[in-house]
Every structure is written in structure tokens, then in C-alpha cells.
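Dear colleague,

I am handing over a structure that you have not worked with before, and my notes on it follow below. Please read them with the model open beside you.

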Amino acid sequence: MNAAVDLFKTDSQGSRLEALNAWVAEVAALTQPDRIHWCDGSDTENAALVRQMQADGSLLPLNADTHPNSWLHRSSPSDVARVEHLTFVCTPQQEDAGPNNHWMAPAEAHAKMDALFAGCMRGRTLYVVPYCMGPIDSPLARCGVEITDSPYVVANMRIMTRMGAAALARIEREGEAGGAFVKGLHSIGELDPDRRFIMHFPGELTIKSYGSGYGGNALLGKKCHALRIASHQARSEGWLAEHMLIVGIENPQGETHYIAAAFPSACGKTNLAMLIPPEGYRQAGWKVWTIGDDICWMRPGADGRLYAINPEAGFFGVAPGTSQKSNPNALASIGRDTIFTNVAVTEDNQPWWEGLDKRTPKRDWQGRSFDPVNGPAAHPNSRFTVSARQCPSYSPRAEDPQGVPISAIVFGGRRASLVPLVFEARDWTHGVLVGAAMGSETTAAATGAVGVMRRDPMAMKPFCGYNFADYFAHWLSFDQAGAKLPKIFHVNWFRKGDDGQFLWPGFGDNLRVLEWMIKRVKGQAEAVETPIGYLPDADTLNLQDLSLSDEARVKLFWFDQEGWRAEFDGIGQFLAEFGARTPQALKDEQRRIAALLAG
Ligand code: OXD
Ligand code: MN
């Protein structure tokens with residue numbers, strides 16, 4: 001063990017990997033913790049951390065009869081979401097981060113962060129958290145180590161990743177063979193929004209995050225590693241790291257098709273991943289299997305198909321709106337062994353949020369006596385953290401080290417008007433344009449205005465660790481001889497009618513749309529060709545037992561040429577923002593469709 005580490009009280013011999021010991025020692029010298037704890041991920045360790053957090057009030061026990069072994073964490077009220085304006089990608093050249101990222105020169109960013117980290121762990125414990133993103137024995141998985149001073153982060157990382165001894169063993173094995181692990185340094189600091197930054201150094205496989213305890217800013221395996229750093233790694237290694245759920249749809253013949261779907265944060269990825277088929281489908285024998293609800297790593301297999309793993313091991317789901325109707329599988333998952341963050345509680349100390357049921361909560365997310373004048377009882381971005389293994393629809397294939405073959409990729413956003421329920425891209429290049437042009441109204445998952453339409457390519461606007469123009473080129477590069485690529489679709493569950501109400505029922509009924517996609521993949525369904533792609537008409541989709549209004553039957557399947565002409569002008573302007581780096585093939589595709597729309 002490195003001598004510098006010995007200066008601190010440490011409860012383990014560290015690692016047999018000198019590079020890891022050296023980094024821990026360097027961080028300890030900078031942050032000056034009272035103690036160093038190497039996490040092994042065991043139940044005993046977790047129980048001790050929970051006891052400690054209960055004692056200091058950072059975890060409050062919930063009703064043990066209704067929610068055994070479940071906890072409530074109330075964050076600082078100014079630390080409730082991702083902070084995109086404080087999130088930076090630090091590449092030597094600004095152009096490599098692109099106009100889609102905030103940028104800082106690496107030396108300046110390191111200096112700024114190291115000044116914040118200096119002495120910040122005095123009086124605290126430094127936790128060394130080894131983790132693996134993906135099944136521990138998967139060649140598609142990648143490892144990292146997070147150093148943090150937050151026991152809440154440790155407890156969440158244990159649920160969200162394969163954390164502890166097995167991950168450390170893989171890191172050591174790979175390290176001895178010359179491989180690298182992602183280094184993530186995190187401190188909650190003073191939880192001061194004015195001293196908060198989330199910095200990424202893709203070239204150094206390094207993350208530095210200071211001043212926030214919120215999931216997306218602090219559980220560094222998730223957005224920081226599995227998307228921003230991994231997207232950079234994926235580009236150089238020939239794979240894709242995406243903000244996508246993965247779901248398996250088993251038809252009555254017992255055939256399962258896997259679909260990967262990208263939606264912006266808080267647009268229903270968890271619900272779609274855990275969908276319960278409508279009654280008629282259930283009786284006919286349809287089943288839905290959950291692989292993941294937020295992140296998908298895909299790479300071409302020897303047969304030319306894309307194979308995907310979910311790098312995560314748990315769900316960090318949005319609580320509000322989760323109910324017996326919208327997502328019974330999620331509700332069943334979170335009945336025990338769950339950490340709730342910023343939800344309200346009922347009289348008998350059960351977790352509660354808007355949309356759950358008709359009860360009136362007793363205390364709101366800040367612990368105040370509930371009063372509607374203070375706003376919603378649960379924070380709109382309140383969350384549950386739970387192991388994926390607790391989900392009744394969790395697929396055994398989720399642990400398959402080789403991943404699952406993807407039949408269809410779906411892009412979707414929140415669009416109140418214009419965008420029909422579903423359309424299919426003509427080919428891969430068109431599909432990449434469909435993804436690149438994705439637009440959606442913003443949600444509470446990030447700080448800032450809610451409901452503002454913005455372009456969010458592939459739902460990666462907050463997460464792509466490099467220039468979007470290069471990212472689009474990387475996507476296009478998968479279209480090679482021998483590749484058997486998935487079909488690409490676009491959906492919009494959020495189209496509204498003249499009365500402002502949603503036209504499509506959504507939730508379980510979304511399976512009707514997925515069924516059409518699978519039929520298209522198998523060459524068994526009709527479609528109408530339009531300039532924006534292939535659309536079903538209301539008779540091709542199975543709408544049995546659905547009472548759709550006449551307006552819905554028209555608008556959900558309607559291609560509005562006028563409206564799309566304006567949309568394509570906007571898409572052209574958006575692509576132009578990336579200048580000469582925008583791939584020519586994408587510009588050509590935009591022009592081709594714009595010309596068809598003009599005709
Ligand atoms: C998330 C997000 O937490 O996208 O998954 O913000
Ligand atoms: Mn997400």
C-alpha cells in the first residue's frame with residue numbers, strides 16, 4: 001500500500017493494483033478525509049451504512065409493514081435534478097466537445113475542481129467504490145471506481161451497479177493486463193449551487209463532480225460514465241452508448257424481439273420497459289420482458305446484428321405518475337428494499353407522490369406538513385432506487401454477457417402537435433436523421449424551464465460526451481457491408497387534441513405500436529409511404545377494444561405536409577449549427593426530404 005494512504009485511517013489493504021492505490025492516495029492527500037473505506041458491496045457493509053445514515057438523519061425509515069427495508073432521503077431543496085448548465089466536457093480542443101456541450105480547457109477545469117476538492121473531506125469518510133457497468137463477466141461491460149464522501153451515493157451505487165469485490169477483482173485483472181478503469185471523484189462539498197460543477201475529461205477517462213448529491217450528478221456510473229465517458233469510448237472502439245431502454249416483446253408463438261428506445265428524461269422509458277400488455281394481448285399470450293430502463297450499450301456481433309446490454313443493475317425511476325395503472329411492475333418492484341428520494345409521506349409513513357392514488361399525504365418532500373399552496377407534495381423529479389432483480393418482468397437475458405440482439409430502434413419525444421403516433425425510417429441513414437432531428441418538450445429531470453421544445457438528438461443532448469456532428473457520423477458508420485441493422489422508428493405518445501388532452505392512451509396500449517413495428521421487421525405489415533417515412537393507417541394497427549375519438553383516429557395517423565415543411569426547415573437550421581463537421585450524408589438526407597415536402 002502506498003505510504004500516503006497510510007497517513008489516513010484506512011480499513012483495508014487497498015488494491016493489488018498500484019495505479020488504483022496511487023490514485024486513492026493522491027485524492028486522499030488533496031481532500032484530507034478522516035477515514036478511508038474500500039467498499040466490498042456486502043450486506044454487512046450496507047447495513048452499517050444504513051445504520052449510520054439513519055443515525056445522522058439522512059435516511060428516514062418508511063413504514064416497515066408496507067415497505068420493508070425502505071428509506072426516505074430528503075435532499076437539500078436546491079439539489080433535486082441534473083444541472084446541465086454546470087456540466088462540462090473538457091477536451092483539449094473545444095470543437096471536439098461541440099456546440100452541444102459546455103466546454104472548459106482541461107487544465108483550467110482540473111485547477112478549478114482541485115481547488116474545490118482541497119480539504120473538502122475533513123471530518124468525513126472517503127469511500128472507494130469499485131463498480132462494473134454491465135454483467136460482471138460481459139465483454140461489453142466496462143469498469144470504474146468512484147471516490148465519494150457520500151454514504152447515500154455508496155448505497156445507491158450498490159443498487160444501480162455491480163459494486164464491490166467482484167468489480168474490484170475485474171478492475172485488477174484488467175489493470176494488470178494494461179487496461180484502464182474510469183476514475184470518478186465526487187464530493188457533496190457544501191451542497192452549494194454556487195460551488196457545483198460536473199466535469200468530464202473523456203480523454204483521461206476521468207470525472208470530477210462537486211457540490212451535488214443528486215443521482216445524475218453524483219452516481220457517477222450512470223450519466224457521467226455510462227453515457228458521457230462511454231459515448232467517447234464507444235466511438236473509438238466501434239460501439240454505441242445510448243440513452244435507451246431495452247425491452248423484449250414475446251409474441252404468442254414464443255418468439256422474442258428486443259427493442260431499444262430513446263426518449264428524453266422523464267418521458268416514460270421506465271413505463272415502456274415494464275409495460276403490461278392490454279387484456280386481449282395477455283390472453284393471446286403476449287409477454288413483455290424488461291432488460292433496462294435508461295441506458296443501452298450496443299455493439300455489432302459476428303452475425304452483423306447489434307447486441308445490447310443494460311450497463312445498470314437497478315432503476316433510478318421518476319416516482320410521480322407511477323401508479324397501478326401506469327406501471328404496476330414498477331410498483332411491485334418498489335414494495336421493499338428501496339431508497340426513495342424527495343417523495344412525500346402519508347399519515348402512516350408510506351411513500352407517496354402525485355398520481356399514485358387518492359390519499360392525501362401528511363408531509364411533503366421537504367418534510368413540511370402538506371399544504372397545496374407550497375406546490376406538489378412530492379418533488380416532480382422525486383425518485384426511487386431499486387434493484388432490477390425486484391422487477392417482476394426482469395428478463396433472465398438481462399444477465400446474458402453477450403447481450404440481446406436488437407430488432408428495432410425507436411426514437412421519441414414529447415410533441416403536442418405535428419408528429420404522428422409512429423412512423424418508420426426508410427433506411428439507416430434516414431433513421432439517423434430521424435434520431436438527430438428528435439425534438440421534445442423539457443421536463444423536471446433537469447433544472448430550468450419545463451415544457452420548452454428543444455432538439456434532443458437521440459435523447460442524448462445532455463449526455464453525448466463529444467461533438468454531435470461526430471456522433472452522427474459515428475452512427476452512420478454502422479451501415480457497412482454485412483451489417484444486419486435494426487429498423488428505425490419514431491413514436492409520439494404525447495400528441496394532444498384540440499381540448500389539450502392526450503389523443504393516445506399510452507402505457508400498456510403502446511404495445512399495439514410495438515406489435516406493428518415487429519410485423520414491419522418481419523415484413524408482415526402494410527404501411528403508407530410519405531416523405532417523412534412509412535406510416536400505418538388506423539386500420540393497420542390493432543386498435544381493438546380501444547375507444548379512440550374521431551379526432552384521434554385522424555390526427556395520430558396524419559401526415560401534415562405543411563407542418564412538416566416548417567419542421568424540416570428547423571431541422572436544416574439545427575444541422576447547420578454543427579457547421580462543416582455535420583456529415584454530408586445527413587445534410588443530403590435532410591435536403592432530399594425537404595425537396596419532397598416542397599413538391
Ligand atoms: C435520468 C435522467 O435520471 O435522464 O435517467 O435524468
Ligand atoms: Mn435518463
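Donors are N, O and S atoms within 2.8 Å of the metal (3.2 Å for Na, K and Ca), and sites may look incomplete because water is not among the atoms. This is a predicted model, in which local features need pLDDT of at least 70 and side-chain atom pairs count only at pLDDT 80 or more, while totals for chains, interfaces and linings use all residues. Residues are numbered from 1 along each chain as its sequence is written, chains are lettered from A and ligands numbered from 1 in the order in which they are written, and side-chain values use heavy atoms, with hydrogens and water left out.

The manganese ion (ligand 2) is coordinated at 2.1 to 2.2 Å by K223 through NZ, H243 through NE2 and D294 through OD, and the spacing of these donor residues in sequence is K-x19-H-x50-D. H243 lies in the loop between β13 (240-242) and β14 (244-250) and D294 in the loop between β16 (287-292) and β17 (296-300), so the pair ties together parts that are 51 residues apart in sequence; strands here are DSSP runs of E, at least two residues long, numbered from the N terminus. Both H243 and D294 are buried, meaning under 20% relative accessible area with a 1.4 Å probe, protein chains only.

As for ligand 1, the residues surrounding it, with a heavy atom within 4 Å, include K222, F316 and R383. A polar side-chain atom lies 2.9 Å from a ligand 1 oxygen in the case of R82, and 2.5 Å from one in the case of S265.

Best regards

Conventions
Helices (H or I, at least four residues) and strands (E, at least two) are DSSP runs, numbered from the N terminus. Buried means under 20% relative accessible area, exposed over 50%, partly exposed in between (1.4 Å probe, protein chains only). A polar contact is a pair of N or O atoms within 3.5 Å; within protein, one must be able to donate a hydrogen and the other to accept it, and residues adjacent in sequence count only if both atoms are side-chain atoms.
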